[in-house]
Amino acid sequence: MAGIQHQWEYRTVRHERGWSEDTPGDLASEASDIEANLQTLGQEGWELVCVLGDLNAAIMILKRPSSF
């Protein structure tokens with residue numbers, strides 16, 4: 001039995017944080033923005049694979065079949 005082989009298309013999305021020394025940012029608002037972005041990308045067939053981040057940004061790595 002032969003396995004199904006997929007060819008993937010990858011995308012990296014960087015979400016900058018609104019941090020500054022004077023205004024630490026609104027985490028709830030940032031989370032809402034990220035969620036809305038992920039919902040849109042999901043409707044386009046993208047699947048979240050990994051999230052990397054630090055205090056300055058979140059980097060999201062997504063994939064979808066290249067034939068999408």
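Visitor: Which side chains meet Arg-14 and Glu-16 in a salt bridge, and what counts as one?

Guide: A salt bridge is a side-chain nitrogen of Lys or Arg within 4 Å of a carboxyl oxygen of Asp or Glu. Here the side chains of Arg-14 and Glu-16 meet each other in this way, at 2.4 Å from N to O. This is a predicted model, in which local features need pLDDT of at least 70 and side-chain atom pairs count only at pLDDT 80 or more, while totals for chains, interfaces and linings use all residues. Residues are numbered from 1 along each chain as its sequence is written, and side-chain values use heavy atoms, with hydrogens and water left out.

Visitor: How many salt bridges does this rule give?

Guide: The count comes to three salt bridges. One of them joins Arg-64 and Glu-9, at 3.2 Å from N to O. Arg-64 belongs to strand S3 and Glu-9 to strand S1, and this pair links distant parts of the chain, 55 residues apart. Strands (E, at least two residues) and helices (H or I, at least four) are DSSP runs, numbered from the N terminus.

Visitor: Where do Glu-44 and Arg-11 lie, and why does their pair tie together separate parts?

Guide: Glu-44 forms a salt bridge with Arg-11, and their closest N and O atoms are 3.9 Å apart. Glu-44 lies in the loop between helix H1 (27-43) and S2, whereas Arg-11 is in strand S1, so the pair ties together parts that are 33 residues apart in sequence.

Visitor: Is Arg-64 buried or exposed?

Guide: Buried means under 20% relative accessible area, exposed means over 50%, and partly exposed lies in between (1.4 Å probe, protein chains only). Arg-64 has 16% relative accessibility and therefore counts as buried. Glu-44 is partly exposed with a relative accessible area of 34%, and Arg-11 is partly exposed at 35%. Glu-16 is also partly exposed, at 46%.

Visitor: In what order do the strands form the sheet?

Guide: Two strands pair if DSSP finds at least two bridges between them. Three strands form an open sheet in the order S1-S3-S2, with antiparallel pairing. Strand S1 (8-16) and strand S2 (47-53) stand at the edges; each has a single partner strand, so one side of each is left without a neighbour in the sheet.

Visitor: How many bridges join S2 and S3?

Guide: S2 and strand S3 (residues 57-65) pair in the antiparallel sense over six bridges. Within this pairing, Cys-50 has Ile-61 in S3 as its bridge partner.
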